Amino acid sequence: MAVEWRVERDAVAGAAAFICDIRLGLLVLIEWGLLLTDASLASIVVIVIAMGMSWIPLKLFKSTPADRLLGWSFVAADAVLCCVVTVVAIPVFAGAFYLVPGYVIASGLLVGLLLAGLKSAVWTTCVIWALVLGAFFERRMAPEFFGLAVVGVTVVAVYFGHRLRDRMRHVARISAELAQARASERGVSERLMIARDLHDSLAKSVHGIRMLAETLHASLESSAHPDTALSRALFDSADEASREARLVLDGLRIPCQGDLVSVLVEEVRRWGARTGVGVVVEPVGGHARAWQCDSDTLWQLQRIIGEILSNVEKHAQAETVRFKAQMADGVSIEITDDGVGLNASDRDLVGSGHYGLSGIRERVRELGAEFSLDSRPEPDVGVRARLLVPARILTERRA
């Protein structure tokens, strides 16, 4: 949610800056009015201090986390500031009767924008009482009507401040979703481009080498040449490289859309069709929820599943693979085979030049998921691989 948080923070900071500018402008007008009416030096100094105190929160908000700045000290300081401006300005000159409510309305918008719940209610109560008392110093309107007007205007100002914050959150959420959609679209486009380039270059070259190796082996085998075994090994290696190239191309072309489990099930079935190993997909257990995730997370999960299946294909000598998904607080995936299981050397994840399982561990750590691998956990099961993907991994947006 980093993108959404940054967009909301920037939008709130911009709106707060604009409202603070309005408050400063109104204070300048009040100060100018005091100077023209020969007000006391104390009144003039109080408004100057108020201008400084209105400017300080704006600067602090740009450099200090909101949860540290917008505490009860901010509520008390701003409420006292509004009350002092009201008591000092209204009795001195007639124009303050109209400027002070404008300042209070702007302050209400700022409080509604930055604060919520009890804090904004306490601020509103303090300021309303100050304005109602201020009405008695300037009787251009009956105090009771002035009080009702002030209560309504101030409460409405705070309410619209809250509404403004809600709209900003909504815009931030839409902006984050748009950024995520664009990032996913770019990722899909890049993968399709890579798949096309690999198909047009490397995959064709590997397939050509395979065909040449097959022809060479057939020729040496027909003449009983002593290097027939070497040509066979060369052909097998080229054939394996060709299969792996097709597997990578298939993975790059997988659309990063739809339910996560459905996408992974489709990949397992394609693997079974390619290798000839039987695939059994058990019914999905737990909550019937269609989990979705961003393209980067899906790509990592596909590569993990692909490596597990690749190990089954190369080493397990299995006839059947079972795929089971369980929905709970996330997705739990279990893949089992009826092969020969792991031997002692296979348990060393980085030994003997085999890095596939080590790569799985690295991808799992990068995602923040959990992975386990058990050999012969029960009769008729060669290897059981389990992958647990918490819900937060599926719902968070990756930059």
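The largest nonpolar core of this predicted model has 37 residues, and those with the most contacts inside it are Ile30, Val85, Val100, Leu113, Leu114 and Trp123; such a core is a set of buried Ala, Val, Leu, Ile, Met, Phe, Trp, Tyr and Cys residues joined through side-chain atoms within 4.5 Å, where buried means under 20% relative accessible area, exposed over 50%, and partly exposed in between (1.4 Å probe, protein chains only). Two or more residues each are given to this core by α1 (2-36), α2 (41-63), α4 (72-89), α5 (96-114), α6 (118-135) and α7 (143-222), and the largest share, 10 residues, comes from α5. Leaving aside neighbours within four places in sequence, Ile30 is in contact (heavy atoms within 4.5 Å) with Ile47, Val85, Ala89, Phe93, Leu99 and Val100. Apart from this core lies another, of 36 residues, among them Leu264, Val321, Phe323 and Leu387.

The protein chain as a whole has 12 helices and 6 strands, which are DSSP runs numbered from the N terminus (helices H or I, at least four residues; strands E, at least two). Buried residues make up 43% of its 399 residues. Residues are numbered from 1 along each chain as its sequence is written. Local features need pLDDT of at least 70 and side-chain atom pairs count only at pLDDT 80 or more, while totals for chains, interfaces and linings use all residues, and side-chain values use heavy atoms, with hydrogens and water left out.

Salt bridges, in which a side-chain nitrogen of Lys or Arg lies within 4 Å of a carboxyl oxygen of Asp or Glu, number 8 by this rule. One of them joins the side chains of Arg322 and Glu282 (3.6 Å, N to O); because Arg322 lies in strand β3 (residues 320-328) and Glu282 in the loop between β1 (278-281) and β2 (285-286), the pair ties together parts that are 40 residues apart in sequence. Arg322 is partly exposed at 39% relative accessibility, and Glu282 is partly exposed at 26%.

Another salt bridge is formed by the side chains of Arg386 and Glu334 (2.8 Å, N to O). Arg386 belongs to strand β6 (residues 383-390) and Glu334 to strand β4 (residues 330-337), so this pair links parts that are 52 residues apart in sequence. Arg386 counts as partly exposed at 36% relative accessibility, whereas Glu334, with 15%, is buried. Through salt bridges that share partners, Lys324, Glu334 and Arg386 are joined into one network.
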